[in-house]
Amino acid sequence: MKFRIRNFLCIAALVVFSCQMTFSQEKGLKYGKTPDKLFPYQKFQEAYKYHFVEPVQFYGAGRDKKAPDDLTEVRIGFLGPLEGSALVPLGEQMLNGARLALEQANEKGGFNGLPYELMVHNDVGLWGAAANQVVKMDEEGVWAWLGSIDDIVSHVALRATLKMEIMMVNTGDPDPTFTETNIPWAIRVISDDRQSGYALATHIFEEKQHERVAVIRANSRYGRVGIMEYSGAAVRLGHPMMIEERFTDGETDFSMQLNNIKRVDPDAILIWANAKESALILKQIRAMGMQQPIYASDRVVSEEFLTLAGELAEGVVSTCQYNPSSKDKKLSEFRNQYVQRFGMQPDVFAAHAYDGMNLIVKAIEEVGLNRVLIRDVLTDLKTFQGYEGVTGKIVFDESWNDIGDIWMAEVKNGKFEFSPSPELGERAHSGSMPGY
């Protein structure tokens with residue numbers, strides 16, 4: 001009986017092996033007999049890593065177009081939140097910085113004796129509204145324009161500026177995906193949330209040795225995209241977010257979200273929001289008895305946050321796109337001129353707008369009044385690469401994104417003190433390519 005069973009099993013194995021030899025595909029062939037050159041995603045890793053390190057060229061016409069002979073002024077556009085938005089204080093600072101740069105250019109004679117004129121437009125963060133404002137700027141005959149801060153506004157305006165073929169200099173939107181559109185009609189003159197996220201994650205996990213960090217963020221594009229790079233860096237450093245709570249801009253009661261955070265008992269809490277909501281959240285965190293260290297996104301680096309948070313702001317750590325306490329001569333002169341002109345201290349948006357508008361002026365001085373040539377010189381990665389502005393050295397990568405230094409900002413004795421961001425180790429650099 002055992003002999004018959006053993007024989008049966010041997011015969012069955014031979015039959016199965018024969019079937020495999022008959023019906024299986026040849027060794028080395030890919031699924032569906034797909035050849036290597038047609039295999040899906042065969043080269044996706046290379047494209048994924050290197051798509052953003054080759055600048056996109058603009059081969060369109062227009063470089064030989066002459067400016068009108070009857071010009072009486074040189075118009076430059078501005079788009080920012082000036083009414084109807086929670087970002088109005090930031091927009092006003094950005095407008096002041098841009099205006100100061102043009103006023104100073106006019107004091108030096110303008111462009112060949114023609115004064116610069118700022119064509120001011122408001123954005124309110126509505127879909128389509130930004131595009132309409134860019135169209136109006138085209139009708140006004142602007143040669144280039146500066147703006148904006150809101151992520152959605154900037155993305156929509158970027159599509160319109162591509163259509164109108166007017167150079168856009170962005171000095172306020174930190175969204176990492178803004179320049180990843182590879183639209184060759186924009187540069188960004190402010191470090192993005194990728195740099196902030198890397199710096200915060202490295203500081204939190206490697207310098208401060210936290211392991212269990214909770215996040216509460218605005219349920220807006222600023223919060224969603226801003227936290228994305230921090231989150232990716234945290235995962236690569238071995239510390240994914242314990243919990244991620246969200247709220248809508250304008251909310252004042254965060255008890256539900258904070259109770260959820262309190263239950264998981266984190267080592268530290270990261271807030272990603274505008275200054276007002278960040279201050280209110282901080283107050284409620286302390287009122288609930290939670291004493292964890294608090295970290296925050298760069299919009300807390302403002303007088304508004306310090307005023308609203310009061311003594312509770314002490315010890316809060318964030319990042320900043322420049323060092324306001326620098327003793328650099330250019331920055332000191334700018335600060336004095338700004339205070340004299342507007343009666344207030346400049347913030348990060350004022351300083352970067354001042355640098356961005358000066359780049360537009362210098363580009364026009366370099367190539368004249370031609371939209372395409374202005375675009376060419378601002379994006380050539382040579383003429384203004386390493387430009388020393390009041391915010392420090394501006395360094396563009398191949399997507400025209402400013403990857404200049406980022407700074408840590410900590411509240412000490414009621415004011416922010418600034419220090420260099422941590423050196424990024426190998427693990428933090430592993431995600432340094434956009435989207436990777």
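This is a predicted model: local features need pLDDT of at least 70, side-chain atom pairs count only at pLDDT 80 or more; totals for chains, interfaces and linings use all residues.

Visitor: At what angle do helix 11 and helix 12 cross?

Guide: The axes of helix 11, residues 329-342, and helix 12, residues 348-367, come within 12 Å and cross at roughly 110 degrees. Angles of 65 to 115 degrees count as roughly perpendicular, and helix 11 and helix 12 are therefore roughly perpendicular to each other.

Visitor: And which residues make the contact?

Guide: Helix 11 contributes Phe 334, Gln 337 and Tyr 338, while helix 12 contributes Ala 350, Ala 351 and Tyr 354. Sorted by class, this contact has five nonpolar residues, one polar residue and no charged ones.

Visitor: Which residues do ring pairs link into a cluster?

Guide: Ring pairs join Phe 334, Tyr 338, Phe 342 and Tyr 354 into a cluster.

Visitor: Switching topic, how many aromatic pairs does the structure hold?

Guide: There are seven aromatic pairs in the structure. In one of them, the ring centres of Phe 58 and Trp 185 are 5.1 Å apart and the planes lie at 75 degrees, so this pair is edge-to-face. The pair links distant parts of the chain, since Phe 58 and Trp 185 are 127 residues apart.

Visitor: Are Phe 58 and Trp 185 buried or exposed?

Guide: Both Phe 58 and Trp 185 are buried.

Visitor: Last one, where does the charged end of Arg 299 sit?

Guide: The charged end of Arg 299 sits over the ring of Tyr 222, 3.7 Å from the ring's centre, and Lys 330 lies over the face of Tyr 387, at 5.7 Å from the ring centre.

Notes. Residues are numbered from 1 along each chain as its sequence is written. Side-chain values use heavy atoms; hydrogens and water are left out. Axes are lines fitted to C-alpha atoms, for helices over the stretch in contact, and angles run from 0 to 180 degrees between N-to-C directions. Helices (H or I, at least four residues) and strands (E, at least two) are DSSP runs, numbered from the N terminus. Angles under 35 degrees count as roughly parallel, over 145 as roughly antiparallel, 65 to 115 as roughly perpendicular and the rest as oblique. Contact means heavy atoms within 4.5 Å. Ala, Val, Leu, Ile, Met, Phe, Trp, Tyr, Cys and Pro count as nonpolar, Asp, Glu, Lys and Arg as charged, and the others, Gly among them, as polar. Rings of Phe, Tyr and Trp (its six-membered ring) pair if their centres lie within 6.5 Å; planes under 30 degrees apart count as stacked, over 60 as edge-to-face and the rest as tilted. Buried means under 20% relative accessible area, exposed over 50%, partly exposed in between (1.4 Å probe, protein chains only). A charge sits over a ring if NZ of Lys or CZ of Arg is within 6 Å of the ring centre and within 35 degrees of the ring normal.
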